Amino acid sequence: MSASPAARIERAYNPFTWSKRTRRNFRLGMLFLSPWLVGFLVFTLYPMVASLIYSFNDFSFHQALRWVGLKNYIALFQDKYFWIALANTAYMVIIGVPLILMFSFSCAALLNIKVPGQSIYRVVYYIPAIVPTIASTLLWIWVLNPQSGLLNTALGYVGIDGPNWLRDPNWSKPALLMLALWGTGNTMIIYLSGLQDVPVHLLEAAELDGANWWQRMRHVTVPMVSPITVYNLIIGMIVMFQYFAQAYVFSRVSSANYAGTSPVGQPLNSTLFYSIYLYQNGFQFLKMGYASAMAWILFLVILACTVLSLRVSERYTYYSG
Amino acid sequence: MENSISSTPASRITAERRGRRLHRVKKIILDLLKHCLIIGVGLFFALPLLWMVATSFKADRDVFHIPLRLLPYVNTLVNVNGQQLPLYDVTIDNQTRQLALLKLEASNGDFVDPRDPTQTFPNVRMKFAEPIMRVGFRWQNYVDAMNYNPRSGLGVTIWTYLRNSLVICLFGIIGTVASCAVVAYGFARISFPGRDLLFILVMGTIMLPFQAVMIPQYVFFNDFLHWGNTLLPLIVPTFFANAYDIFLLRQFYRTIPEELCDAARIDGASEFDIFARVVLPLSRPALAVVAITTFLFHWNDFQAPLIYLTSPQNFTMALGLADFQGQRQILWNMLMAASVVFTVPIIIGFFFAQKQFIQGIKLTGIKE
């Protein structure tokens, strides 16, 4: 009982000191966990190790590995498109994710106002989130059609000459962000459930103290939902780093008049995101070693960003209970 | 209150009333603003979807109509000698009449006067004829879209894509529910050394991007198992559990009272009996959530099918639609009809199981 913590941990993990019951439980636990254990080894651990090895090799489909050391990594850092892809993805993460969070929070706040028909509004706001990604992307390509599209027609009514969203490199990323905002229902619902959990007595106390709507929002509601913001931020980042399907489908339309060039990343590489370039290297240029190096860098970047946001948020997050 | 009013001068009373009225007016304006904002943002969410449905019912020439019309229009039909014929505004010799189209040949058409069927106008250039449209839904778009065959000679239609998607979803649900239910029980109810460390590892895999494991997985399935261009690489991994659903079910299992299991244990039930006979039946709501999120995930999935499935016979709905759009000429009305077909099952599902959808998001809203 009086053993030091280190000794206790050592005993807990040393099978020779386990009681019969512990041993039985361990076997039983492993049995129940076995589907995941096998899956982890085959579909996660092995691919992680393999892609690390590939990244130090010249490797293509159906070919033997050829060790090249750090060549892939060095080539990557000298590759113009690698930096373009990284910058495009950084745009989506640094501008896109906070924008999505703010928009989702605002929508959730609107949906939390008691008005007649509230439940109908909730459904309307949420439904776009369950439209399959490819369907919503195709729909938005149509909505953004410069001549007959819904958006430019609506802008025309208020006297704005809408841009050519899909073919103008300055507008392609904002167009994709609009699509992301449209389908943000999930983040919104998570915020809404957080808003419903904000204790009413706190808001009432603030109101009695003379706090106006903005002050209550700023000093009570936002801090109370900060754990949800951290959660949404991290998940939003992880999703955004892997942004693929929408950009892939989007650029196929805008590339229709770029005959001969690669169909992805258009216009003018403005939608060449990290995952798109990785896919292109691995499956179109068949440079799988190169793509594996990219994959490892992506993993490390996501890991670093997650750890960093957890560290930073610890200071600003309020956890009740 | 009564007292205080009677004891104050008359001017105070009117001022107070005016103040109260001002307050009420302010409140009404504020309410109005709130409503406008809620409806305005609502339009942003609703209009594109409505437009998708409207476009799916439009005739080809109505799709690019300027100015834009939200409602679909179809050619007005008129009954001539028991036949339904489309009605046109035809200009002949600077005179416009309403005539019905009898027969169309290249760029010329034979017209007939619906009021006097004996009077015919053969060989009129179609550029002098303008169809008379009315609001109507062109259901034929759906028939055409479902049977559209973008890659001639393969006999592949949207039905093929639908079947493939449903096969993947069905086996995906079976695999995910079965494996995650078992694994989550191990994490929730059996205490053994190393369990918590392993659980941290499970949650850590959420951070792992698909792209990081995509290439070795592809090589493994293609070169080692020779499963390239089959649905197997998309189905088989689901039988080995995933972090989101393990987490969701583990959280749910932990809310089931331990006493129930202890009672069964005293009766001599094995751990597996307790899992199958006590915990599983109580977990139906959570399993439904897992089934729904799994369906959504596989219905939506794009990148994995994109790398594994190479021939159109094996395409999923998502791949097939992207392929549809990849053709030179985009037929927006048909593409939107196909998109509606792709979307409607989910929306119907949502209205039947709203609670499970919402729970699924709150717990694993991340699975995109």
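A crossing of two helices is left-handed if the near helix is turned anticlockwise from the far one by less than a right angle, and right-handed if clockwise. In this predicted model, local features need pLDDT of at least 70 and side-chain atom pairs count only at pLDDT 80 or more, while totals for chains, interfaces and linings use all residues. Residues are numbered from 1 along each chain as its sequence is written, with chains lettered from A and ligands numbered from 1 in the order in which they are written.

On that definition, α5(B) passes α12(B) in a right-handed crossing; helices here are DSSP runs (H or I, at least four residues), numbered from the N terminus. The axes of α5(B) and α12(B), residues 284-300 of chain B, come within 9 Å and cross at roughly 140° (lines fitted to C-alpha atoms over the stretch in contact, with angles from 0 to 180 degrees between N-to-C directions). That makes the pair oblique, the label for whatever is not under 35 degrees (roughly parallel), over 145 (roughly antiparallel) or 65 to 115 (roughly perpendicular). Among the residues that meet are B:G172 and B:T176 in α5(B) and B:A291 and B:F295 in α12(B), contact being C-beta atoms, placed from the backbone, within 7 Å.

Turning to the chain pairing, 74 residues of chain B are in contact with 73 residues of chain A. Helix α2 (residues 10-56) of chain B supplies the largest share of chain B's side, 14 residues. As for individual residues, B:V183 touches A:F32, A:L33, A:P35, A:W36, B:A241 and B:I246, not counting residues up to four places away in sequence.

Technical notes
Contact = placed C-beta atoms within 7 Å. Helix = DSSP H or I, 4+ residues; strand = E, 2+ residues; numbered from the N terminus.
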